[in-house]
Amino acid sequence: MWNMTKRTRVIWLAREADVGIFAIREAAEIINHGGLVAFPTETVYGLGADATNSDAVRRIFEAKGRPATNPVIVHVADLAMARSCIEGEWPKNAERLASRFWPGPLTLVLPRSKRVPGIVSAGRETVGIRVPDHRVARALIAAAGVPIAAPSANRSTGISPTKAEHVLKDLDGRIDLLLDAGPTMVGIESTVLDLSGEHPRILRPGMIGVDELEAVLNAPVAFKDVGKGHAEGEGFGSPGQMALHYAPRTATECRAIERVSEEPGEEPVGLVVLGHPGLIVTWSAAEKVDLTSPEEAAEGLYAALHRLDEMGLRRIIVIEPPGSPEWTAIADRVRRASR
Ligand code: TXA
Ligand code: MG
């Protein structure tokens with residue numbers, strides 16, 4: 001095993017190419033020796049290990065405190081590497097989707113090849129794969145020369161990290177290296193689409209929505225928006241889609257817009273307003289975060305929750321976004337963060 005130091009080393013990847021090359025080479029070496037490297041993707045920071053090395057992947061589960069029943073996404077540099085991870089022919093649907101959305105925030109679930117050990121997929125016959133749209137992620141995979149298994153770089157059930165400081169908060173001392181390239185751009189996790197069954201179906205909504213997928217596939221895509229009151233094991237979400245996921249430690253309430261004026265009770269309160277610009281709140285919030293468009297909300301939601309969670313407030317109230325399709329993924333994350 002790679003030598004585990006007490007504090008995790010952090011390398012800031014400035015734009016200068018030289019610094020980047022040395023850092024990437026070192027990170028790739030750690031991956032190749034079975035170690036753990038946290039790295040940025042366009043969605044959230046990932047906690048990476050060599051996907052072909054089951055001992056290395058086991059360390060991911062240990063570092064996160066992740067249940068062994070929750071499969072991990074495999075990140076690949078290109079289509080050739082993606083093909084090496086799947087069993088049999090590369091399906092026509094995968095071809096169409098990959099050429100339209102990769103690199104990008106879309107994970108495809110397909111039959112798993114022997115190159116990927118069972119632990120990656122929690123024993124399932126399938127594997128979730130994607131090509132991330134981030135220079136650092138792709139350079140790292142290419143330098144390591146192996147597919148990289150990476151869940152989000154947070155402790156299990158915590159809020160996903162969109163900045164290096166979020167990764168350290170949860171995982172300092174539990175991983176070998178952290179590559180810091182600043183905040184991520186998309187901000188919420190990829191859309192997970194299952195192509196292994198008879199019909200394509202969304203297991204986790206993301207910023208690539210049903211309409212876009214259907215337009216490319218020219219066929220219906222199943223999606224069951226579990227909505228409120230979703231309990232573990234219900235519906236056909238990903239195995240990792242526990243009802244309480246992505247949750248701050250501070251009690252967090254997801255509130256319909258109609259109930260915005262209800263007094264929150266215990267103070268001080270943090271407020272996040274999603275998609276209702278100019279909304280007037282009659283009670284006083286210690287801190288208010290306004291995220292107006294779906295893109296802005298995706299990019300800023302987790303950072304806002306991380307920040308409010310640090311403030312030691314009695315409660316965080318998130319005003320639900322509008323019900324239109326472009327808000328589906330954000331509404332999903334907000335519901336899972338509340339209790
Ligand atoms: O944007 C993302 O997807 C980020 C970045 C790092 O790529 N990763 C991420 O990983 O969010 P994680 O492990 O936090 O979430 C992976 C999701 C889980 O809900 C898991 O159950 C599902 O993908 N998943 C992965 N492989 C699967 C498989 N073979 N079958 C069904 N669901 C799978
Ligand atoms: Mg996660």
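These are my notebook entries on a predicted model, written down as I looked things up.

**Entry 1: the sheet**

I began with an open sheet of four strands, which come in the order E11-E14-E12-E13 with parallel pairing. Which strands stand at the edges? They are E11 and E13; each has a single partner strand, so one side of each lacks a neighbour in the sheet. I also looked up the twist, which averages 15 degrees from one strand to the next.

Next I went through the pairings. E11 (residues 252-255) pairs with E14 (residues 315-319) over four parallel bridges. Within that pairing, Arg255 has Ile319 of E14 as its bridge partner. E12 and E13 also run parallel, and five bridges join them. There I noted Val272, whose bridge partner in E13 is Val289.

**Entry 2: helices across the sheet**

Helix H8 (residues 294-310) lies across E12, E13 and E14, and runs at about 165 degrees to E13. Helix H9 (residues 328-337) lies across E11, E12 and E14, at about 140 degrees to E11.

**Entry 3: a covered strand and its charges**

Are the faces of E11 buried or exposed? Both are covered: Thr252 and Cys254 are buried on one side, and Glu253 and Arg255 are buried on the other. I looked up the two charged residues separately. Glu253 has 16% relative accessibility, so it counts as buried. Arg255 is buried as well, with a relative accessible area of 2%. Their side chains meet in a salt bridge, 2.7 Å from N to O. Shared partners join Glu253 and Arg255 into one salt-bridge network with Arg259, Glu262, Glu266, Arg314 and Arg315.

**Entry 4: salt bridges of Glu310**

My search of the whole structure gave 20 salt bridges. I followed Glu310, which forms one with Lys169, where the closest N and O atoms are 3.4 Å apart. This pair links distant parts of the chain, since Glu310 is in helix H8 and Lys169 in helix H6 (residues 164-171), 141 residues apart. Lys169 counts as partly exposed because its relative accessibility is 33%.

Glu310 also meets Arg249 in a salt bridge, at 3.6 Å from N to O. Arg249 is in the loop between helix H7 (210-217) and E11, 61 residues from Glu310. With 60% relative accessibility, Arg249 counts as exposed.

**Entry 5: His276**

Where is His276? I found it in the loop between E12 (269-274) and E13 (287-291). His276 counts as buried because its relative accessibility is 17%, which is under the 20% cut-off. Its side chain reaches the backbone oxygen of Glu320 at 2.9 Å. Setting aside residues up to four places away in sequence, I listed what His276 touches: Ile257, Asp290, Ile319, Glu320, Pro321 and Pro322.

In soluble globular proteins, nonpolar side chains tend to be buried together. The largest core here has 69 residues, and Leu97, Ile129 and Leu179 touch the most other members. Helix H1 (residues 17-32) gives the largest share of this core, six residues.

A second, separate core has 23 residues, among them Ile159, Val289, Trp327 and Val334.

Methods:
Residues numbered from 1 in each chain as written. Chains lettered and ligands numbered in written order. Predicted model: local features only at pLDDT ≥ 70, side-chain atom pairs only at ≥ 80, totals over all residues. Heavy atoms only, no water. Core = buried A, V, L, I, M, F, W, Y, C linked by side-chain atoms within 4.5 Å. Buried < 20%, exposed > 50% of the residue type's maximum accessible area, 1.4 Å probe, protein only. Helix = DSSP H or I, 4+ residues; strand = E, 2+ residues; numbered from the N terminus. Pairing = 2+ DSSP bridges. Polar contact = N/O pair within 3.5 Å; in protein donor to acceptor, adjacent residues only side chain to side chain. Contact = heavy atoms within 4.5 Å. Axes fitted to C-alpha atoms, helices over the stretch in contact; angles between N-to-C directions. Salt bridge = Lys/Arg side-chain N within 4 Å of Asp/Glu carboxyl O.
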